[in-house]
Amino acid sequence: MPWSDYASYVFAPNGGFESGATGWNLSGARVAPGNESFYIHASGEKYSLSLPAGASAMSPPMCISLFSGKMRFVSRGDSGAKVKVQIIYRGLLSSVLGILDGGTYSVGSSWKPSPEIGMLGGTLPLLTSSVSFLFTSSGGAVAIDDVYLDPMKSS
Ligand SMILES: [Ca+2]
């Protein structure tokens with residue numbers, strides 16, 4: 001709400017890394033002490049995900065409707081660091097139906113919410129049942145925390 005975003009977001013499974021890396025598929029990334037500074041999900045949380053340059057992290061799958069809207073997360077990083085977001089669409093049996101480039105974003109030295117990253121909405125591949133988000137860092141270390149999906153386009 002502080003950012004005038006009133007969508008009905010759903011928290012990604014272990015989307016704040018308070019359960020360690022449970023459910024995430026990490027490559028070169030690790031859960032580290034230090035929560036994002038706004039405590040968007042809950043006060044008292046303690047961890048975020050650290051991605052050295054070139055590391056990647058795939059979120060657990062989330063159910064999705066054909067009217068899916070957008071996702072957001074919180075990040076910070078080294079000067080010049082960027083995070084690339086890809087959206088992996090899966091069908092039954094986890095088969096990959098499509099990969100959408102969600103964009104590459106510069107991160108600042110202090111925590112800030114990502115832009116609203118739009119999803120395919122009404123043009124999702126037929127039979128899509130879940131999505132995962134793949135984060136990849138470049139140009140420096142990046143930290144992310146509090147990953148949210150707006151699973152039904154609500155704004
Ligand atoms: Ca956290």
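**Notes on an all-strand chain**

1. Let me begin with strand E7, which pairs with strand E10 (residues 112–113) in the antiparallel sense over two bridges; pairing here requires that DSSP finds at least two bridges between the strands. Helices (H or I, at least four residues) and strands (E, at least two) are DSSP runs, numbered from the N terminus. Within this pairing, serine 75 has lysine 112 of E10 as its bridge partner.

2. A word on the basis of these notes. The model is predicted, and local features need pLDDT of at least 70, side-chain atom pairs count only at pLDDT 80 or more, while totals for chains, interfaces and linings use all residues. Residue numbers start from 1 along each chain as its sequence is written.

3. Back to E7 and its other partners. E7 also pairs with strand E11 (residues 117–118), antiparallel, over two bridges, and there methionine 71 stands opposite isoleucine 117. With E13, the antiparallel pairing runs over seven bridges, and the partner of methionine 71 in E13 is leucine 149.

4. How many residues of E7 are buried? Eight of the eight are, so E7 is largely enclosed by the rest of the structure. Buried means 20 or more other C-beta atoms within 10 Å of the residue's own, exposed means 12 or fewer, and partly exposed lies in between, with C-beta atoms placed from the backbone. In a regular strand the side chains alternate between the two faces of the sheet. Here Lys70, Arg72, Val74 and Arg76 point one way, and Met71, Phe73, Ser75 and Gly77 point the other way, all of them buried.

5. For the overall picture, the protein chain holds zero helices and 13 strands. Its radius of gyration is 15 Å, close to the 15 Å of the globule rule for 155 residues, so the chain is as compact as a globular protein of that length. That radius is taken over C-alpha atoms, and the rule is 2.2 Å times the number of residues to the power 0.38. The C-alpha trace spans about 40 × 30 × 30 Å along its principal axes, and 34% of the 155 residues count as buried.

6. Of the contacts between residues at least 6 apart in sequence, 81% join residues at least 24 apart; a contact means C-beta atoms, placed from the backbone, within 7 Å.

7. The largest nonpolar core has 30 residues, and Leu49, Phe135, Val142, Ile144 and Tyr148 have the most contacts inside it. Such a core is a set of buried Ala, Val, Leu, Ile, Met, Phe, Trp, Tyr and Cys residues joined through C-beta atoms within 7 Å. Strands E4 (47–51), E7 (70–77), E8 (82–90), E12 (130–138) and E13 (142–150) each supply at least two residues of the core, and E13 gives the largest share, six residues. Beyond its neighbours within four places in sequence, phenylalanine 135 is in contact with Leu51, Ser56, Ala57, Val83, Val85 and Ile144.

8. Asparagine 14, in the loop between strand E1 (10–11) and E2, has a positive phi near 50 degrees without being a glycine. Tyrosine 39, in the loop between strand E3 (30–33) and E4, likewise has a positive phi, about 50 degrees. Asparagine 14 is partly exposed, with 17 other C-beta atoms within 10 Å, and tyrosine 39 is partly exposed with 13.

9. Serine 27 touches Ala55 and Ser56, not counting residues up to four places away in sequence.

Technical notes:
Contact = placed C-beta atoms within 7 Å.
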